[in-house]
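Dear colleague,

I am handing over the structure we spoke about, and below it you will find notes on what came out of the analysis. Please read them with the coordinates open beside you.

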Amino acid sequence: MTGNEAHKLRTTRGENQTQFWRRVGVTQSGGCRYERGRNVPEAVSRLLKLVYLPEGQATKYLQQLRRK
């Protein structure tokens, strides 16, 4: 997930940066940097998907990760 995608998801959910990014262990200032264009590390991107994808999609994604 890119920072732009995360920003769109966060605003759709009506959450502020602290609420949104805290769930994946990222500070508000770190999340802000990602939303402004800094590359999101692969580990953070994976956590975002696991936390914020709908349950069925998150389960499929986790299964894909386990196969790698």
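**Buried polar residues and a nonpolar patch**

E35 is buried, with a relative accessible area of 14%, where buried means under 20%, exposed over 50% and partly exposed in between, with a 1.4 Å probe and protein chains only. Please bear in mind that this is a predicted model, in which local features need pLDDT of at least 70 and side-chain atom pairs count only at pLDDT 80 or more, while totals for chains, interfaces and linings use all residues. Residues are numbered from 1 along each chain as its sequence is written, and side-chain values use heavy atoms, with hydrogens and water left out.

E35 lies in helix α3, helices being DSSP runs (H or I, at least four residues) numbered from the N terminus. Its side chain is joined to that of H7 by a polar contact of 3.0 Å, that is, a pair of N or O atoms within 3.5 Å, of which, within protein, one must be able to donate a hydrogen and the other to accept it, residues adjacent in sequence counting only if both atoms are side-chain atoms. Setting aside residues up to four places away in sequence, E35 touches G3, H7, R10, Q17 and W21, contact meaning heavy atoms within 4.5 Å.

R10, in helix α1, is likewise buried, with a relative accessible area of 10%. Besides E35, the contacts of R10 beyond four places in sequence include E15, N16, Q17, F20 and W21.

Turning to helix α4, V44, S45, L48 and Y52 are buried there. They share one side of α4, because they cover an arc of only 100° around the axis, the arc being that of the directions from the helix axis to the C-beta atoms. The buried residues of α4 pack against α1 (3–13), α2 (17–22) and α3 (28–35).

Finally, L47, L50, V51 and L62 make a nonpolar surface patch of about 260 Å², to which helix α4 (residues 42–52) gives the largest share, three residues. Patch residues have over 30% relative accessible area and no salt bridge, with nonpolar side chains (Val, Leu, Ile, Met, Phe, Trp, Tyr) joined within 5 Å and like charges within 9 Å; a salt bridge is a side-chain nitrogen of Lys or Arg within 4 Å of a carboxyl oxygen of Asp or Glu. L47 is partly exposed, with a relative accessible area of 38%.

With best wishes

Note on methods. Areas by Shrake-Rupley, 256 points an atom, 1.4 Å probe, with all protein chains shown as cover. Helix = DSSP H or I, 4+ residues; strand = E, 2+ residues; numbered from the N terminus.
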